Amino acid sequence: MKTAVFGAGVAGLSAAIELIDRGYDVEIYEKRKILGGKVSVWKDNDGDSIESGLHIVFGGYEQLQAYLDRVGAGSNYTWKDHALIYAEPDGKQSMFRKAALPSPWAEVVGGMQADFLTMWDKLSLIKGLYPALAGNEEYFRSQDHMTYSEWHRLKGASEHSLQKLWRAIALAMNFIEPNVISARPMLTIFKYFGTDYAATKFAFFRENPGQSMIEPMRQYIQNKGGRIFVDARLSRFDLNANGSVEKAVLSDGHTVEADAYISALPVHSLKKILPREWLVHDYFANLFQFTGSPVANCQLWFDKKITDTDNLMFSQGTIFATFADVSITCPGDFQQGLGTANGGSVMSMVLAPAHHLMDMPNEVITSLVMKDIHDRFPKSRNARLLKSTIVKIPQSVYKAVPDVDKFRPDQISPVGNFYLAGDYTYQRYLASMEGAALSGKAVAEKLHARKGS
Ligand SMILES: Cc1cc2nc3c(=O)[nH]c(=O)nc-3n(C[C@H](O)[C@H](O)[C@H](O)COP(=O)(O)OP(=O)(O)OC[C@H]3O[C@@H](n4cnc5c(N)ncnc54)[C@H](O)[C@@H]3O)c2cc1C
């Protein structure tokens, strides 16, 4: 059975891996020259790796880790110290470190020791967040009508902890503020954070996500006979009389015929090419409820080390939300002799919220980033900036705002030979690499089951 997959992000590649391992004939069509979608990394003219965004593997990413093992990349990422590190003004750091106890005591005792929360923050958090720790999927779904800030205040948790702790988490997860993000994904995260000791560990790719994950996935698929076409943009579907897909048409006029068609496009790209005939189905019409979160990633090369932290960092009140010195966290890339790097720090920083940055000139953004870097990393005041790059993604992951979760589509569509994969489709994670991997597995399993029936 021939399956055509459109989009070579983590979702499309995961679907291809599952299908190939079940004996399907798989072709992937990707509009760009590089694979990986939002995880893609490319070399610029200086030989530097430019990341679409800084990417972290969480301990709870079971499916993604299973794929990394399957494609022979299980040792391509390394776990860091189990701590949430906040960069504070003038080089200080505050920490939330889990205690060496079973959950939830690891989190409760660790939280009580966190130096950046007041005693009132701690007590109000334990009391206020209990419903999240005790809640199940059904409860989380029932809270999707309000923002996280509303939920937090309703439960009597402190304002200071909202700004200090959870704002950074909302920005890291979905690049939007806690008064914009739905309570649902935040509560899901608390549940993981508070009940599964290992779920919140962070790992970094040894080189970068492109080399350490996407490249092994590509090799696995091609070695098993899968065919990957780049520069191959899907432009429309031609339909049979019964509304099923007759063929896919690429923007260069090439046509693709298959027994099953999987869209692993981001939802905003899919909306542009959906046949109008399909909009009679709520399943497809509901896709127009999703909008993408703008985000930007800034990389800075310095001539000296400005930090010695080998981990992900968060900060509050800065233009960057999450960041790392990848010359330390990723020992296989960003090292002296590779491109611009000369042994100094290479900061990779996710800038969020970023709606106001999309039309801002890169020089202005860089100067704002440098102002905050000088504030948080005093050693940078005596370091020379060798190079800076900015990647803007106006529509990245879907915005997890209230009342949108219910529109996340199943992987099986009402059209007999058409399927969806992608981080926005329904699975238990928010938009993430794990969500994309889960959607790839689900689409392959459901397609296989439908074929069998
Ligand atoms: C800055 C940033 C930081 C992030 N950090 C993390 C992190 O630390 N941890 C984490 O788990 N997640 C993180 N994410 C989220 C994660 O990257 C995404 O959730 C995930 O990669 C989405 O995968 P996907 O396959 O669903 O979609 P995508 O990666 O968007 O892949 C879709 C693919 O479809 C292609 N395409 C689009 N239109 C067409 C067309 N017409 N024809 C053919 N192909 C087309 C695209 O080029 C792309 O390759 C981050 C995202 C960003 C932007």
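Predicted model: local features only at pLDDT ≥ 70, side-chain atom pairs only at ≥ 80, totals over all residues.
Colleague: What secondary structure does the chain contain, and into which domains is the chain divided?

Modeller: The chain has 15 helices and 20 strands. The assignment divides the chain into domain 1 (2–40 + 62–73 + 207–291 + 409–452), domain 2 (100–197) and domain 3 (294–393). Between the C-alpha centres of domain 1 and domain 3 the distance is 32 Å.

Colleague: What share of the residues is buried, and what share of the contacts joins residues 24 or more positions apart?

Modeller: Buried residues amount to 49% of the 453 in the chain. Among contacts with a separation of 6 or more, 72% are between residues 24 or more positions apart.

Colleague: Which residues come nearest to the ligand?

Modeller: The shell around the ligand has 39 residues, and Gly7, Gly9, Ala11, Gly37 and Gly53 come nearest. Helix 1 (10–21), strand 15 (295–302) and helix 15 (433–452) are the elements that give two or more residues to this shell. Helix 15 provides the largest share, four residues.

Colleague: What is the composition of that shell, and which domains give at least three residues to the shell?

Modeller: The shell divides into 19 nonpolar, 13 polar and seven charged residues. Domain 1 and domain 3 each supply at least three residues.

Colleague: Which members of the largest nonpolar core touch the most other members?

Modeller: That core has 135 residues, and Ala15, Ala16, Ile262 and Leu351 touch the most other members. Leaving aside residues up to four places away in sequence, Leu351 touches Val295, Ala296, Asn297, Cys298, Ile319, Phe320 and Leu357.

Colleague: Where is the cis peptide bond, and what is its omega?

Modeller: The bond from Ala352 to Pro353 is cis, with omega near -5 degrees. Pro353 belongs to the loop between strand 18 (346–351) and helix 14 (362–376).

Colleague: Which residues other than glycine have a positive phi?

Modeller: Two cases are Asp90, with phi near 60 degrees, and Asp403, with phi near 65 degrees. Asp90 sits in the loop between strand 7 (83–87) and strand 8 (93–97), and Asp403 in the loop between strand 19 (385–393) and strand 20 (418–420).

Colleague: Where is Glu363, and how far is Glu363 from Lys441?

Modeller: Glu363 lies in helix 14. With 9 C-beta neighbours inside 10 Å, Glu363 counts as exposed. Separation in sequence and distance in space should be read side by side. Glu363 and Lys441 are 78 residues apart in sequence, and their C-alpha atoms are 42 Å apart in space.

Methods. Residues numbered from 1 in each chain as written. Buried ≥ 20, exposed ≤ 12 C-beta atoms within 10 Å, placed from the backbone. Contact = placed C-beta atoms within 7 Å. Near = placed C-beta within 6 Å. Nonpolar A, V, L, I, M, F, W, Y, C, P; charged D, E, K, R; others polar. Domains from an automatic or database assignment. Core = buried A, V, L, I, M, F, W, Y, C linked by C-beta atoms within 7 Å.
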